[in-house]
Amino acid sequence: QVQLMETGGGSVQTGGSLRLSCAASGDTYSTNIIGWFRQAPGTEREGVAAINTIGGGTKYADSVKGLFTISRDNDKKTVDLQMDSLKPEDTGEYYCAASPARHGLVGMLLPSKYNYWGQGTPVTVSS
């Protein structure tokens, strides 16, 4: 079993920054890949970024490339999502998720690829 906890959500104005953190505990063999997802009210959950915690490879949704940065600290068992130049359309509940997959990051922005989920942290960007 894996437990994930997100922190760092909040409210900012357009152009502001937030840094989210995902702390993992439990079976670390199931956390080879960590992804960040978001969901706005009335929409489907969408993948934002993913990282291979072993090799360090990263993958981003086109909408956040160059704006968001995912990173990991394996000693602390955390994966952070630095979000810069935030826009109102970035508003939503942000979740981190873990997968034991060892096949790299292909397809890893799909929620169905993940086994474990955190409870989420809210992000609100006002204009």
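The model is predicted, so local features need pLDDT of at least 70 and side-chain atom pairs count only at pLDDT 80 or more, while totals for chains, interfaces and linings use all residues. Residues are numbered from 1 along each chain as its sequence is written, and side-chain values use heavy atoms, without hydrogens and water.

The largest nonpolar core has 36 residues, of which Leu4, Trp36, Phe68, Ile70, Leu81, Met83 and Tyr94 touch the most other members. Strands that give two or more residues to this core include E1 (2–7), E7 (68–73), E9 (92–99) and E11. A nonpolar core is a set of buried Ala, Val, Leu, Ile, Met, Phe, Trp, Tyr and Cys residues joined through side-chain atoms within 4.5 Å. Strands (E, at least two residues) are DSSP runs, numbered from the N terminus.

Tyr60 belongs to strand E6 (residues 58–60). A polar atom of the Tyr60 side chain lies 2.8 Å from the backbone nitrogen of Ile70. Leaving aside neighbours within four places in sequence, the contacts of Ile70 (heavy atoms within 4.5 Å) include Trp36, Tyr60 and Leu81. Tyr60 and Val2 are 58 residues apart in sequence, and their C-alpha atoms are 23 Å apart in space.

Thr121 lies in strand E11 (residues 121–126). Thr121 counts as buried because its relative accessible area is 6%; buried means under 20% with a 1.4 Å probe, protein chains only. The side chain of Thr121 reaches the backbone nitrogen of Gly9 at 3.1 Å. Beyond neighbours within four places in sequence, Thr121 is in contact with residues including Gly9, Leu20 and Tyr94.

Notes:
Helix = DSSP H or I, 4+ residues; strand = E, 2+ residues; numbered from the N terminus. Buried < 20%, exposed > 50% of the residue type's maximum accessible area, 1.4 Å probe, protein only. Polar contact = N/O pair within 3.5 Å; in protein donor to acceptor, adjacent residues only side chain to side chain.
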